[in-house]
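Here are my notes on this one, written as numbered points. Have the structure open while you read them.

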Amino acid sequence: MLNAKISNAKVIKKFLNGVSNETFLLDNNLVYRHKNIYHDGLMNDLDNEYLFLNQTSSFPYHEKIISLNHKVIDKYSSYISNTRSFHKNKKDYDHLIQYMKDLHNLKLAFFYEFPIFAFLEKNQKVIQKFIALTEFNQILIKVKEIYDKYPLVVSHNDLVKNNILFQNDKLYVIDYEYVSLNIELFDIASFLSENNLDDTKTKRYFLEKFSNKYQIEELNYLIMIEDILWATWAYNRHQETKRAIYQKIYQEKVKRVRNNEYFTSK
């Protein structure tokens with residue numbers, strides 16, 4: 001049952017930058033998020049997000065959550081004012097790198113694995129619309145070899161620009177609908193690929209900050225598979241909803257796949 005502060009709140013405005021959520025600023029300095037549920041084969045019906053948030057209430061990168069229902073469809077949190085997106089500089093990159101390290105080092109009772117391979121193998125008919133299956137299978141073999149080398153850790157898996165907020169130099173990361181166990185390299189590739197940070201200098205800077213335990217070729221393969229993954233995801237979402245935003249994401253990801261050095265270097 002909601003407390004009076006929440007139940008009597010009025011909507012001031014709707015935030016327009018959400019894709020999967022409807023998010024509103026309320027007149028009592030709260031943010032209300034309603035999650036639209038899609039059974040896309042990547043999320044675990046939001047149970048994973050609920051479990052994660054309930055085990056990490058003191059995690060320093062969280063927004064302050066006021067109320068959270070058991071399926072995380074509705075969430076009330078304190079409004080973070082005067083925020084900005086990240087800047088393309090080492091200072092902000094270092095904050096994000098430290099966030100990833102702190103997240104990946106969490107020890108939780110958490111067992112849901114990000115189903116990247118099951119999802120891709122299930123959606124080969126979609127994938128072959130923008131990449132030959134022979135090419136895709138070669139990439140998939142390489143990515144599976146990378147996954148065999150590294151342990152699974154708690155990962156965000158969706159480090160898009162809208163999920164990263166800075167208030168001065170304080171970093172907040174939001175929207176954990178895809179939180180699950182994955183290899184550390186996936187989050188590194190997620191941040192770089194989702195924000196079109198494709199220059200070799202930036203890639204090498206991130207790998208250096210992770211003690212150079214990953215090869216740049218491995219990072220490039222993860223970026224490639226993530227672009228294929230999210231292109232497929234966006235295609236399916238567009239087929240289900242007919243929303244133009246998913247068609248736009250699909251087109252952008254397909255363009256990234258076709259411009260990837262895996263192809264252009266041949």
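1. First, a term: a polar contact is a pair of N or O atoms within 3.5 Å; within protein, one must be able to donate a hydrogen and the other to accept it, and residues adjacent in sequence count only if both atoms are side-chain atoms. With that in hand, look at Glu 49: a polar atom of its side chain sits 3.4 Å from the backbone nitrogen of Tyr 176. The side chain of Glu 49 also makes a polar contact of 3.1 Å with that of Arg 33.

2. A word on the source: this is a predicted model, where local features need pLDDT of at least 70 and side-chain atom pairs count only at pLDDT 80 or more, while totals for chains, interfaces and linings use all residues. Residues are numbered from 1 along each chain as its sequence is written, and side-chain values use heavy atoms, with hydrogens and water left out.

3. Where does Glu 49 lie? You'll find Glu 49 in helix H2, residues 47–55 (helices are DSSP runs of H or I, at least four residues, and strands are runs of E, at least two, numbered from the N terminus). Glu 49 counts as buried because its relative accessibility is 0% (buried means under 20% relative accessible area, exposed over 50%, partly exposed in between, with a 1.4 Å probe and protein chains only).

4. A salt bridge here is a side-chain nitrogen of Lys or Arg within 4 Å of a carboxyl oxygen of Asp or Glu. The whole structure has 17 salt bridges.

5. Now try Lys 91 and Asp 169, a salt bridge whose closest N and O atoms are 2.9 Å apart. Lys 91 is in helix H3 (residues 90–104) and Asp 169 in the loop between strands S7 (164–167) and S8 (170–173), so to speak distant parts of the chain, 78 residues apart. Lys 91 is partly exposed at 49% relative accessibility, and Asp 169 is partly exposed at 36%.

6. Asp 198 and Arg 256 form another salt bridge, with the closest N and O atoms 2.6 Å apart. Which of these two is buried, and which partly exposed? Arg 256 counts as buried at 13% relative accessibility, whereas Asp 198, at 34%, is partly exposed.

7. Last stop, helix H6 (residues 133–149): among its buried residues are Phe 136, Ile 139, Leu 140 and Val 143. Seen down the axis of H6, the buried residues fall within an arc of 130 degrees (taken from the directions from the helix axis to the C-beta atoms), so they line one face. On the other side, Thr 134, Ile 141, Asp 148 and Lys 149 are exposed.
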